[in-house]
Amino acid sequence: MRKNRMGVMAKAETLIKALPWLERFHGTTVVIKYGGHAMTDEELRHSFAEDVVFLRYAGLKPVIVHGGGPQINAALARNGIDSTFTAGLRVTTPEAMEVVRMVLTGQVQRDVVGLINRHGPFALGMSGEDAHLFTAERKHAVVDGEAVDIGQVGEIVEVQVGALRALLDDGRIPVISSIARGDDGEVYNVNADTAAAALAVALDATKLVVLTDVEGLYADWPDSDDVIDRLTTDELAVLLPDLSAGMVPKMEACLTAVRGGVPQAHVLDGRVLHSLLLEIFTDEGIGTMVLPSPPGSAAEVPA
Ligand SMILES: Nc1ncnc2c1ncn2[C@@H]1O[C@H](COP(=O)(O)OP(=O)(O)O)[C@@H](O)[C@H]1O
Ligand SMILES: CC(=O)N[C@@H](CCC(=O)OP(=O)(O)O)C(=O)O
């Protein structure tokens, strides 16, 4: 009996410990980048959807920007189309673009919407092309200081959030694919981390959360798995030129978001059940957090 009462008290304590975070984040917008590598395990996919619906019932306004790199790789391979990456971005030929658009808007987005909507009529899918959400221009990658052509890859130059805000005001959970239109009539492939950052800035979000398949930003990848738990934008700017592969657009996104006025950006391990809830409602300090540098501070690389 006594044991049972202690168990109940522990549950009440867990719930009440969330109160400061509920007070702080109620009514605010949180942009969540759900990476392609974080969505491969069935149990994790369901726990992600539960977390997002939990946030919605807790009075936050979650917006999902989904990735789909591994899913695009598989579809390109099935179609016999070669795929390479430069500086973390997919070199996108016109025939690859058709596959990218089909997989992101027709497959991955539908899957994420379906997972969330098991809990109620919340999720609504949008491509960045819809209602001029994302307008992009052709982007070049920079390799050793040289601009390199990487095809139909876009750099977002304008974000129009009117339609998205109407969805949020209606209590919906928007699920966005990182495809953009161009004023030149082209359709562009935008890295999903980059798109999430642009959206977080445009929506004045309180947080950008990036879910991926590593614990956070490793200080000395691939030689060590020491995770940097927090760093300022100035410190991140110093590290950025030495980062590799998929971490480049991810950390650039955190930098852009926080320098653009988002108070904090996080890279979290999407392989941990309920990592999203732990990050938002506890002080567990998981993953890597990027915070604004104090005005006038000098950049130092964290140990
Ligand atoms: N410093 C680093 N810290 C952590 N991961 C790194 C680092 N540098 C490169 N990576 C690689 O970046 C990957 C994450 O990027 P990516 O594969 O694009 O993920 P996602 O599909 O979630 O966007 C990691 O799995 C890891 O292989
Ligand atoms: C230009 C570019 O690289 N676009 C990405 C878009 C999807 C994405 O970003 O997916 P993840 O978040 O799972 O990596 C691509 O084609 O793979």
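Let's start with one residue: Gly69 lies in helix α4. Helices here are DSSP runs of H or I with at least four residues, strands are E runs of at least two, and both are numbered from the N terminus. Before going on, a word about the model: it is predicted, so local features need pLDDT of at least 70 and side-chain atom pairs count only at pLDDT 80 or more, while totals for chains, interfaces and linings use all residues. Residues are numbered from 1 along each chain as its sequence is written, chains are lettered from A and ligands numbered from 1 in the order in which they are written, and side-chain values use heavy atoms, with hydrogens and water left out.

In an unreviewed entry, UniProt lists Gly68, Gly69, Arg90 and Asn189 under "binding site". UniProt positions follow the numbering used here, feature names are shortened, and annotations may be inferred rather than shown by experiment. Where do these residues sit relative to one another? They span 122 residues in sequence, yet no two of their C-alpha atoms are more than 11.7 Å apart, so they gather at one spot. Gly68, Gly69, Arg90 and Asn189 are also included in the lining of the largest pocket. A pocket, on a 1 Å grid over the protein atoms alone, is an open set of points where a 1.4 Å probe fits, with protein on both sides within 12 Å along at least five of seven lines; lining residues have an atom within 4 Å of a point.

Now look at ligand 2, which sits in the largest pocket; that wording requires more than half of its atoms to lie within 2 Å of the pocket's grid points. Which residues come closest to ligand 2? Of the 15 that surround it, the closest are Lys33, Gly36, Arg90, Asn189 and Ala192. To count as near, a residue needs a heavy atom within 4 Å. Polar side-chain atoms of Lys33 and Arg90 each lie 2.7 Å from an oxygen atom of ligand 2, and for Asn189 the distance is 3.0 Å. Taken alone, ligand 2 exposes 430 Å², and the protein buries 93% of that. These areas come from the Shrake-Rupley method with a 1.4 Å probe. Helix α4 (69-78) and strand β4 (89-90) each supply at least two residues of this shell, and α4 gives the largest share, three residues.

Ligand 1 comes next, and the space it takes is the largest pocket as well. The elements giving two or more residues to its shell are β11 (207-212) and α9 (247-259). There are 16 residues around ligand 1, and His37, Thr212, Asp213, Tyr218 and Lys250 come nearest. An oxygen atom of ligand 1 is 2.8 Å from a side-chain N or O atom of His37, and the distance is 2.8 Å for Thr212 too. Asp213 has a polar side-chain atom 2.8 Å from an oxygen atom of ligand 1. On its own ligand 1 exposes 580 Å², of which the protein buries 84%.

Finally, a few backbone details to find on screen. The peptide bond from Trp221 to Pro222 is cis, with omega near 5°, and Pro222 is in the loop between β11 and β12 (230-232). Ala131 has a positive phi, near 50°, without being a glycine; look for it in the loop between β5 (123-127) and β6 (134-143). His274, also not a glycine, has a positive phi of about 60°.

Note on methods. Polar contact = N/O pair within 3.5 Å; in protein donor to acceptor, adjacent residues only side chain to side chain.
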